[in-house]
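Welcome! Let's take a friendly walk through a protein model, going from one residue to the whole chain and then to its details.

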Amino acid sequence: MQNQIQKYEKLDMNVSLMRIIACLIVIGCHVRISPIVGDSINKPILYLHDFFDDGVAIFFCIVGFFLYNNKSYKNLWKKTVKNILIPAFLLTMISILLSKFIEGASLFNSIKDSELNFGVLLRDFVSIDLKNHNFTGHLWYITSYFELIIFFPVTKLIINEYEKGNKNILNWVLGIGILDLVVNDVQALYMLPCGEIIIHEIFPTPQLLCLIGYRIYVEKDKIKNNVKKLKKVLTSDSKMC
């Protein structure tokens, strides 16, 4: 009992709150209504539509809070295979067997006429691509996490350098990655006068978000202090007015 109390005492309630918010955003993403009403776009709905696009990004940042506490890459791989890859493989296999049953066929015919091919399934898992299988398109989050584990030795080296005091490498990676995200988002909405700008990303977006999450978490006390200072400045300015 004492061990359980100590375990829960270590829980960061701010992180738990972020998980709850991220879950609500993901739910909102799947139940949101279209911003297109007739021949026009409803702007308030469009803003809500955009807000509900970022829940998974929050989860990747939360992963970054704790991922780099792992000291053994071997143990990390064992946990990933046991808790993620094997269940994902079984879920994909079952979804292939039952896909026609879900669409209305009998269970026997669904299994008999299924397109299950273990060779193709293994190939897609090795290539981290499950979008070609029925009802497993949303497993992209699982495959993205798998990529995180594959890149872990490289990103861990960057984190080790940061913890030694060499912050330039991580700052450079984050700077280029964030610039790439901003430029791509702007270009998705507006045509730039200079034409399309291509910035080659150093890491895929999930890895970048994981590194951002790590940086936020280790600097959280500093961020809180800066927020307090900003509040004091704003309140003092409002009193002067």
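Let's begin with Val-218, which is partly exposed, because its relative accessible area is 41% and the range for that label runs between 20% and 50%. Val-218 belongs to helix α10. Keep in mind that you are looking at a predicted model.

- Along the chain, Val-218 and Phe-65 are 153 residues apart, yet 7.9 Å separates their C-alpha atoms.

**The whole chain**

- What does the secondary structure of the chain come to? There are 11 helices and two strands.
- Starting at the N terminus, the order of elements is α-α-β-β-α-α-α-α-α-α-α-α-α.
- The chain has 241 residues, and 29% of them are buried.
- Take the contacts between residues at least 6 apart in sequence: 71% of these join residues at least 24 apart.

- Helix α2 covers residues 13–31, which makes 19 residues. From its first C-alpha to its last, α2 reaches 27 Å, close to the 27 Å expected at 1.5 Å a residue.
- Which residues of α2 are buried? They are Val-15, Ala-22, Ile-25 and Gly-28. These residues are on the same side of α2, because they cover an arc of only 135 degrees around the axis.
- Here is a handy rule for reading such patterns: an α-helix has 3.6 residues a turn, so residues three or four places apart point the same way.
- Met-13, Leu-24, His-30 and Val-31 are on the other side of α2, and these residues are exposed.

**Salt bridges**

- How many salt bridges does the structure hold? It holds three.
- One of them joins Lys-112 and Asp-113, with 2.9 Å between the closest N and O atoms. Asp-113 is partly exposed, with a relative accessibility of 33%.
- Another brings together the side chains of Glu-161 and Lys-164, at 3.8 Å from N to O. Glu-161 has a relative accessible area of 27% and is partly exposed, whereas Lys-164, at 66%, is exposed.
- Arg-215 and Glu-219 also form a salt bridge, and their closest N and O atoms are 3.7 Å apart. Arg-215 is partly exposed at 23% relative accessibility, while Glu-219 is buried at 14%.

**Aromatic rings**

- The count of aromatic pairs comes to 10.
- One of these pairs is Trp-77 with Phe-146: the ring centres are 5.5 Å apart and the planes are at 90 degrees, so the pair is edge-to-face. Trp-77 sits in helix α5 (residues 73–102) and Phe-146 in helix α8 (residues 140–163), so this pair links distant parts of the chain, 69 residues apart.
- Phe-151 and Phe-203 make another edge-to-face pair, with 5.8 Å from centre to centre and 90 degrees between the planes. Because Phe-151 is in helix α8 and Phe-203 is in the loop between α9 (168–189) and α10, the pair ties together parts that are 52 residues apart in sequence.
- Phe-151 counts as partly exposed, with 28% relative accessibility, whereas Phe-203 counts as buried, with 10%.
- Which residues form one aromatic cluster? The members are Tyr-68, Tyr-73, Trp-77, Phe-146, Phe-152, Tyr-162 and Tyr-214.

**A charge over a ring**

- Where does Lys-220 lie? Lys-220 is over the face of Tyr-217, at 4.2 Å from the ring centre.

Key. Residues are numbered from 1 along each chain as its sequence is written. This is a predicted model: local features need pLDDT of at least 70, side-chain atom pairs count only at pLDDT 80 or more; totals for chains, interfaces and linings use all residues. Side-chain values use heavy atoms; hydrogens and water are left out. Helices (H or I, at least four residues) and strands (E, at least two) are DSSP runs, numbered from the N terminus. The expected span of a helix is 1.5 Å times one less than its number of residues. Buried means under 20% relative accessible area, exposed over 50%, partly exposed in between (1.4 Å probe, protein chains only). The arc is that of the directions from the helix axis to the C-beta atoms. A salt bridge is a side-chain nitrogen of Lys or Arg within 4 Å of a carboxyl oxygen of Asp or Glu. Rings of Phe, Tyr and Trp (its six-membered ring) pair if their centres lie within 6.5 Å; planes under 30 degrees apart count as stacked, over 60 as edge-to-face and the rest as tilted. A charge sits over a ring if NZ of Lys or CZ of Arg is within 6 Å of the ring centre and within 35 degrees of the ring normal. Contact means heavy atoms within 4.5 Å.
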